[in-house]
Amino acid sequence: MLCYSAYNPPLFLKNGVAMTLYTALWGERYWQQTTLLAEPPYHTTVLIGGQGVPIFSWVAIPKNAHSTIIATYGITGELDQQWFLRLLGLKAYAQGYAVVLFDWRAHGKTAELSPTLVSDGLYEGEDFVRIAAAAAKMGCPSKFWFTGFSLGGQLALWAVKTATDLIQGGEFLGLQDSDIGGGVAICPSLDSRRSLKYLVKKPISRYLEKAIASNLKKLAWRIHDLHPGTIDPAAIERVNSIWAFDHELVISRLGFDSVEAYYEASSALQLLPQISKPTLILYAADDPLFHPDIIPELQAACAINTALDLLLTPYGGHVGYVSSKAGQRQAEDPDIWWAWNRTLQWLDNQREIKS
């Protein structure tokens, strides 16, 4: 594991819930004021993922690009609103990376194109790889790095594993094994079954869960309206939690008898021993969305698998990692976004290792 500057948050954000809420609410309004970088000149396109699912994407290729980051976001949202993902895009583009950002299944404009619902990585992993193959034909250079945060982090881990499965020493849609760099996952969902049971035990966590469930319900209604007849409205009405969303709308389409079986199959924790490409995982011990019992298992998996680099911090919340002024000076960072700065530092180190 390479040496990185320790994460140093502001004093008032040394609490996982405070960090999570502050970053989400403050960042959405002010993120553009935290950087002098301009957003890349994205052009929009539709790329075809696994099972023929059309995936709406933003693509930007700088002059003399050296490699490509392919990334998506968490459990709900769409590209226009995903400020944290857009931060990655502008920072990566400025450092010479081609950037492909996409609305994953059932989200944003991808939902307008297809009624296909989520599978939490089981099929989205192939989507990443097919996007990489299409991006290569558009001029995006290898290596390709699969990236995401929160549930998108789980999808990115699936992508790294799936790429190896699909290529298997040969090629897949023109991609060679050497074209795949690896992945980065920030605060990835690793075990939905345990974390959802943990999430509903505390009042503030229950509030977060209800907010996410409400957005999932809106997502389902949107697909219902866009693609009449594809989703039973009575099933949508019964959705009152994340668990209920998967029970009512997802598992039967994927062939599972129970939500528990679906979560076990899609869990990223059980993937970690199978990942063979360099992969960085940033994870905060005070993340309020995930069960703390997952942490020792994550540490054990990363200790055994040399392809995995784990940056486990005592603070950071869920997809927060706002850095203090002292932390910025210590890390020599240009802004407050510690997680993306470490991501790009790690990726640059990977390039130096391979050169």
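Trainee: Is glutamate 297 buried, partly exposed or exposed?

Mentor: This is a predicted model, in which local features need pLDDT of at least 70, side-chain atom pairs count only at pLDDT 80 or more, and totals for chains, interfaces and linings use all residues. Residues are numbered from 1 along each chain as its sequence is written, and side-chain values use heavy atoms, with hydrogens and water left out. Buried means under 20% relative accessible area, exposed over 50%, and partly exposed in between (1.4 Å probe, protein chains only). With a relative accessible area of 36%, glutamate 297 is therefore partly exposed.

Trainee: With which residue does glutamate 297 form a salt bridge, the closest N and O atoms being 2.8 Å apart?

Mentor: A salt bridge is a side-chain nitrogen of Lys or Arg within 4 Å of a carboxyl oxygen of Asp or Glu. Glutamate 297, with its closest N and O atoms 2.8 Å apart, forms one with arginine 194. The pair links distant parts of the chain, 103 residues apart: helix H11 holds glutamate 297, and helix H6 (residues 192–199) holds arginine 194. A network of salt bridges links Glu297, Arg194 and Asp191.

Trainee: Which parts does the salt bridge of aspartate 177 with lysine 277 tie together?

Mentor: The closest N and O atoms of aspartate 177 and lysine 277 are 3.1 Å apart. Aspartate 177 lies in the loop between strand S7 (175–176) and strand S8 (180–186), and lysine 277 in the loop between H10 and S9, so the pair ties together parts that are 100 residues apart in sequence. Helices (H or I, at least four residues) and strands (E, at least two) are DSSP runs, numbered from the N terminus.

Trainee: What is the order of the strands in the open sheet?

Mentor: Two strands pair if DSSP finds at least two bridges between them. S1 and S2 run antiparallel and are joined by six bridges, while five bridges join the parallel strands S3 (residues 67–72) and S4 (residues 97–102). The pairing in the sheet of eight strands is mixed, and the order is S1-S2-S4-S3-S5-S8-S9-S10.

Trainee: At what angle do the axes of helix H9 and helix H10 cross?

Mentor: Axes are lines fitted to C-alpha atoms, for helices over the stretch in contact (heavy atoms within 4.5 Å), and angles run from 0 to 180 degrees between N-to-C directions. The axes of H9 (residues 242–254) and H10 (residues 259–266) come within 9 Å and cross at roughly 80°.
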